[in-house]
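Work through these exercises with the structure open. Each task is followed by a worked solution.

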Amino acid sequence: GYAYGLELLAEKQIGRITGLASYTLSTTRRRFPEDGLFPGVNEDPDTGEFLFYPPKYDRLHDATLVLDLDIGRDWTFTTAGIYQTGQAYTLPQSRFSLQNNPFSSNDLNGLYSPLLNTERLPAYHRVDVGFTKTGRFFGFADYELTLQVLNLYNRRNVWFYTYSFDTNPVEEAAVEQLPILPNIALSLDF
């Protein structure tokens, strides 16, 4: 396999407003060795050559922006935004069914695809916001109170797809990640 890319980072650490911005432009590819262990997997049907494919962690674009604002009286406001190219996944090309399965009383259903990771999930993005208050807790511990809202605009990013064999053709359904999620945390340091 191979990987190449460019990473950029700008960070501000002094003043009432601090934060960072980062961007990565990258490509990663793999292929199976031509040692006969994986016959037919990601193999070009015309030439028999093993083709490169993007592994699941390949991301062409990955951008992050984080801003912290000291709003006074030991309060800080934080916001973070993330954008990533969708993860590569294998789109099934056909289905099969093994009836009278000798190893189980159930029929065995499966999906087939000769090529790996030829499709992409939708792009992943979200924005998180939060307020943090620091101080002393009844004079015996330092505290940090955090009030957050993760995924502020309720982006239902796709985690992966599931397939139902109850219909013909097979029905694909997206399994989504977390919706908008409020969070309150109190941490004490003795």
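**Exercise 1.** Find what the side chain of Asn42 reaches, then describe the setting of Asn42.

*Solution.* 
Step 1. A polar atom of the Asn42 side chain lies 2.5 Å from the backbone nitrogen of Leu116. A polar contact is a pair of N or O atoms within 3.5 Å; within protein, one must be able to donate a hydrogen and the other to accept it, and residues adjacent in sequence count only if both atoms are side-chain atoms.
This is a predicted model: local features need pLDDT of at least 70, side-chain atom pairs count only at pLDDT 80 or more, and totals for chains, interfaces and linings use all residues. Residues are numbered from 1 along each chain as its sequence is written, and side-chain values use heavy atoms, leaving out hydrogens and water.
Step 2. Place Asn42 in the chain. Asn42 sits in the loop between strand E2 (17–29) and strand E3 (61–72). Helices (H or I, at least four residues) and strands (E, at least two) are DSSP runs, numbered from the N terminus.
Step 3. Asn42 has a relative accessible area of 2%, so Asn42 is buried. Buried means under 20% relative accessible area, exposed over 50%, partly exposed in between (1.4 Å probe, protein chains only).
Step 4. List the neighbours. Beyond four places in sequence, the contacts of Asn42 (heavy atoms within 4.5 Å) include Glu49, Phe52, Pro114 and Leu116.

**Exercise 2.** Is Gly110 buried or exposed, and which residues does Gly110 touch?

*Solution.* 
Step 1. Gly110 belongs to strand E7 (residues 108–112).
Step 2. The relative accessibility of Gly110 is 9%, so Gly110 counts as buried.
Step 3. Leave out residues up to four places away in sequence. Gly110 then touches Ser94, Arg95, Phe96 and Phe165.
Step 4. Compare with Thr47, 63 residues apart from Gly110 along the chain: their C-alpha atoms are separated by 27 Å.

**Exercise 3.** Trace the order of the seven strands in the open sheet.

*Solution.* 
Step 1. The order is E1-E2-E3-E4-E9-E10-E13, with antiparallel pairing. Two strands pair if DSSP finds at least two bridges between them.
Step 2. Strand E1 (2–12) and strand E13 (181–189) are the edges, each pairing on one side only.
Step 3. From one strand to the next, the twist averages 15°. Axes here are lines fitted to C-alpha atoms, for helices over the stretch in contact, and angles run from 0 to 180 degrees between N-to-C directions.
Step 4. Strand E10 (residues 141–150) pairs with E13 over nine bridges. Gln148 stands opposite Asn183 in E13.
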